[in-house]
Each structure stands twice: as C-alpha cells, then as structure tokens.
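Hi everyone, thanks for making time today. Let me put the structure up on the screen, and then I'll walk you through a few places in it.

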Amino acid sequence: MDADVIVVGAGPAGSATALRLARRGYRVTIIDRARFPRVKPCGEYLNPGAVAALKRLGVAEEIVAAGTALSGMFVAGSDGTTVWAAFPAGFGLLVPRARLDHLLLLQAARAGADVIEACRVAAAFPGARPAVAVRHAGRTVRLTARLVIGADGLRSVVARRAGPLMPVANGCYTIGAYFERLNVTGPRGDLHLGPGWYAGAALYGHGIGNVVAAAPRAFFQRVGGDPERAFAAACAGLPALARIVRGARRLTPFVSVGPLGYARRRATDDGILLVGDAAGTIDPMTGQGIALALRGAELAAEVADAALRCGDASARALRGYERARAQTFGDVWRASRILQWIGRRPRLATHLLRRLALKPRLATWLLGALSEP
Ligand SMILES: Cc1cc2nc3c(=O)[nH]c(=O)nc-3n(C[C@H](O)[C@H](O)[C@H](O)COP(=O)(O)OP(=O)(O)OC[C@H]3O[C@@H](n4cnc5c(N)ncnc54)[C@H](O)[C@@H]3O)c2cc1C
C-alpha cells in the first residue's frame with residue numbers, strides 16, 4: 001500500500017481534504033498534473049462562506065494577507081442600473097488562484113501530505129484496494145491506497161469510474177485575462193449582467209484586475225473564433241464594464257473554458273470519494289465554487305476518516321456522503337439554477353436588479369443567501 005489516502009488534484013477541494021486527513025495522522029499523497037503555482041481560469045472571488053471555511057481550516061490568515069478583502073459586491077445591469085450590496089456578515093476576498101491554490105497546497109505539505117506535482121493520473125480503479133495509474137519517467141505506475149479521493153476538477157479522470165456526468169444544460173463558455181490600466185480606482189468585486197451574458201471582474205486596485213466574460217456557445221459562434229473580438233463584443237454589451245476596460249492593456253493571454261453550468265455526479269464508488277468540481281459544478285455567475293469545494297472537503301474528510309477507522313471504504317459504507325452533500329448543498333444547487341434561469345432572461349434580470357437597487361437590504365439578504373453553503 002503506497003498511502004492511506006491518495007488525493008488526485010491539488011485545487012482547493014483536494015488540498016483542503018488532504019490537509020484535514022494529514023492532520024488526523026493519515027498517510028496522504030496528493031498528486032497534480034500541474035507544477036505549482038499554476039494558472040486556473042477563475043473569477044477569483046471568494047464569498048464570505050469561503051473565507052469562513054478557510055478560517056475553520058486554520059489557514060485564513062496567510063491567504064487573507066495574500067488577497068484583497070471585500071465588504072460587499074458591485075452589480076451592474078445592461079441598462080445602466082448599478083447596485084452595491086454589503087455582505088450581511090463576514091467579508092469576501094479577491095485572491096489570484098495561482099496564489100490561493102499554491103498556499104493551500106503548501107499547507108497540506110506542511111501538515112505531512114506527500115505532494116507529487118507535474119504527474120498526470122491516467123486512470124483510477126475502484127475496489128477494496130483502490131488504485132490510480134500515473135505516468136512517470138515514460139512508464140505507467142500503479143499506486144494503491146485504502147481510499148482514493150478524486151478532486152481533479154471539471155473533467156475528472158477519477159469521476160469517470162464513479163458514473164457518468166449529468167450533461168450541462170444551457171452551459172456557458174468563458175473567456176478571461178488579467179489587465180492593467182483599468183478605469184477603476186479602489187479594489188472591488190464586480191458582476192456585470194448583460195442581455196444573455198455576463199462578466200465578473202476581480203479588481204485588485206491600481207487599475208489591475210482579472211476580467212472574465214461568460215456567454216452561451218451561440219454568442220461566441222456569432223462573433224467568430226477570435227478571443228480578442230469575442231471579449232470586446234461581450235464587454236460592449238455591458239456598459240459599466242465597457243467603461244472600465246476602455247484603454248486597458250491585457251497582461252496575460254486569454255483563457256477559455258466551457259461548457260460550465262449545473263452538473264452532478266454520483267460522488268462515491270468502492271474505495272472512491274469525489275469532492276469539489278469533480279463531484280459536481282454550478283454556473284460560475286454566483287461565485288460559489290471555491291466555497292463549495294472547501295465545504296465539500298470538510299464533508300469528505302469526515303466520511304473518509306470514519307471509513308478508514310472502521311476499515312470499510314466500500315460504496316455502501318460511503319453512502320452517507322451522498323446524503324450529507326444533498327443536505328448541505330441542495331439549496332445552493334437549487335438557487336444557482338433559478339439564478340441561471342433568470343440570467344438567461346435579460347428583461348427579468350434587469351427588473352430584478354432595479355428592485356435590488358431600490359432595496360439595498362434585499363440585495364444584502366440575497367448576497368448572504370448566496371454565500372452560505
Ligand atoms: C471561468 C471560471 C470562473 C470562476 N469564478 C469563480 C469565482 O469567482 N469564485 C468561485 O468561488 N468559483 C469560481 N469558479 C469555480 C471554481 O473555480 C471551482 O469551483 C473550483 O476551482 C473547484 O475547485 P476544485 O479543487 O474542485 O477543482 P480545481 O480547482 O479545478 O482543481 C483541480 C485540480 O486537479 C488537477 N487535475 C485535473 N486532472 C488531473 C489528472 N488527470 N491528474 C492529476 N491532476 C489533475 C488540476 O491540475 C487542478 O489543479 C469559476 C470557474 C470558472 C471555470
């Protein structure tokens with residue numbers, strides 16, 4: 001046996017799960033295909049629920065110091081309506097994913113997890129002695145453990161063994177990059193809603209920020225395959241964002257991902273648990289993915305610990321994990337689908353935004369509801 005637990009993927013879900021299990025004294029190996037720090041397409045917004053989860057993990061201080069704290073969110077509509085909504089409690093954070101994910105992985109290593117970077121897991125094998133196959137020095141090597149945790153994100157290799165992914169309905173495609181000379185002064189977290197598409201902006205201050213636009217496939221097909229043109233077309237329909245990006249200079253290449261949206265998987269198999277995006281995703285519009293990954297890591301670590309202690313990591317013994325996920329995330333999944341539905345109806349979205357502009361307390365309540373997994 002090469003480890004008690006092999007965690008595949010060192011994003012927030014994988015590193016937080018590895019950290020929790022290493023602290024409980026298990027021999028944990030965490031494997032990622034990337035070398036850290038690595039780039040991850042993201043809006044880089046952590047809601048107060050994510051910050052609270054980092055606090056429970058005992059790593060918030062270092063990560064907060066690496067980011068920019070937010071007391072609320074700025075939301076703008078395509079008709080020029082703007083809303084600034086304060087968080088009802090706690091604070092949010094903007095932090096570059098390269099930094100966040102690296103800091104979490106270093107914490108897992110500090111807690112005793114063995115870290116293997118630049119190593120792609122080619123396959124996972126469920127069973128009483130679960131295993132993964134990795135490519136190393138031109139050879140395929142099989143590593144075994146008492147439990148394999150799939151935290152390898154959206155296109156999870158481990159998840160392919162646990163069951164098919166629910167197809168993403170009305171999924172969006174995203175395109176984003178870092179910019180300088182943005183026309184905005186202070187740090188701010190922005191959501192810009194447009195006629196059928198939207199954009200998020202992590203504005204770090206001093207004109208530096210990460211801007212990500214999300215739109216249906218038909219939008220990108222209409223404007224052609226050129227990322228520069230697609231991004232410009234998305235911003236042109238978002239008046240407040242168009243002002244911010246006018247004259248800005250792009251610092252990094254555009255990165256695209258998709259389709260993204262609500263999709264779930266069975267999260268257990270014999271000797272296998274899935275956590276984070278590997279187990280399911282929602283539309284990134286509401287900026288909840290990192291909070292769900294960190295909260296999911298708490299559930300996964302509890303269930304893994306109980307299974308390892310009683311020496312039974314069969315799918316039957318892990319069944320409680322599915323129930324815990326449904327109980328914890330059910331409302332979030334439902335709310336995300338409702339908001340996605342509204343987001344695809346520009347007139348309704350504009351109407352909602354105008355109401356929120358008149359009722360800041362309602363906006364604060366909504367932001368609070370979207371911050372708690
Ligand atoms: C464009 C975009 C914008 C978003 N904006 C936000 C936002 O502002 N706020 C928010 O909270 N959420 C946002 N999300 C969602 C958020 O990024 C995810 O929910 C979150 O990253 C999930 O964490 P994870 O650890 O499950 O997966 P990931 O962060 O994707 O990590 C998975 C890891 O697994 C590794 N891996 C994958 N395959 C293999 C393999 N075969 N072998 C070894 N390693 C492998 C990858 O290299 C990666 O490091 C956004 C998502 C997208 C795509």
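Let's begin at histidine 206, which is found in the loop between strand S14 (198-205) and strand S15 (208-216). When I say helix or strand, I mean DSSP runs numbered from the N terminus: H or I of at least four residues for helices, E of at least two for strands. Histidine 206 has a positive phi of about 55°, although it is not a glycine. At 81% relative accessibility, histidine 206 counts as exposed. The cut-offs here are under 20% relative accessible area for buried, over 50% for exposed, and partly exposed in between, with a 1.4 Å probe and protein chains only.

Before I go on, a word on what you're looking at: this is a predicted model, where local features need pLDDT of at least 70, side-chain atom pairs count only at pLDDT 80 or more, and totals for chains, interfaces and linings use all residues. Residues are numbered from 1 along each chain as its sequence is written, and side-chain values use heavy atoms, with hydrogens and water left out.

Now, is glutamate 44 buried or exposed? Glutamate 44 is buried, with a relative accessible area of 2%. Its place is in the loop between S2 and S3, and its phi is near 65°, a positive value in a residue other than glycine. The loop between strand S2 (28-31) and strand S3 (45-46) also holds proline 37. A cis peptide bond joins phenylalanine 36 to proline 37, with omega about -5°. There is a cis peptide bond between glycine 258 and proline 259 as well, with omega about -5°, and proline 259 sits in strand S17 (residues 255-260).

Next, the ligand. Which residues come nearest to it? Of the 34 residues around the ligand, those are Asp32, Gly43, Tyr45, Asp277 and Ile290; being around it means having a heavy atom within 4 Å. By class, this shell has 16 nonpolar, nine polar and nine charged residues. For that count, Ala, Val, Leu, Ile, Met, Phe, Trp, Tyr, Cys and Pro are nonpolar, Asp, Glu, Lys and Arg are charged, and the others, Gly among them, are polar. H1 and H9 each supply at least two residues of the shell, and H9 gives the most, with three residues.

Let me point out some polar contacts, meaning pairs of N or O atoms within 3.5 Å. A nitrogen atom of the ligand is 2.8 Å from a polar backbone atom of glycine 43. An oxygen atom of the ligand is 2.9 Å from a polar backbone atom of alanine 13, and a backbone N or O atom of proline 12 lies 3.2 Å from an oxygen atom of the ligand. Taken alone, the ligand exposes 990 Å², and the protein buries 93% of that; the areas come from the Shrake-Rupley method with a 1.4 Å probe.

Let's turn to the inside of the protein. The largest nonpolar core has 78 residues, and Ile6, Val28, Leu46, Val132, Ile149 and Leu273 touch the most other members. A core here is a set of buried Ala, Val, Leu, Ile, Met, Phe, Trp, Tyr and Cys residues joined through side-chain atoms within 4.5 Å. Helix H9 (residues 289-310) gives the most to this core, with 13 residues. Apart from it lies another core, of 26 residues, including Tyr45, Val83, Leu154 and Ala202.

Leucine 19 lies in helix H1 (residues 12-23), and it is buried, with a relative accessible area of 1%. What does leucine 19 touch? Leaving out residues up to four places away in sequence, leucine 19 touches Leu57, Val59, Gln107, Ala108 and Ala111, where contact means heavy atoms within 4.5 Å.

My last stop is helix H2 (residues 48-57), which is mostly covered: seven of its 10 residues are buried. Among them are Pro48, Val51, Leu54 and Leu57. The cover over these buried residues includes H1, S3, helix H3 (60-66), strand S7 (92-94), helix H4 (97-110) and H9. At the start of H2, a side-chain oxygen of asparagine 47 reaches to within 2.9 Å of the backbone nitrogen of glycine 49. After H2 comes glycine 58, with a positive phi near 80°.

Notes
Polar contact = N/O pair within 3.5 Å; in protein donor to acceptor, adjacent residues only side chain to side chain.
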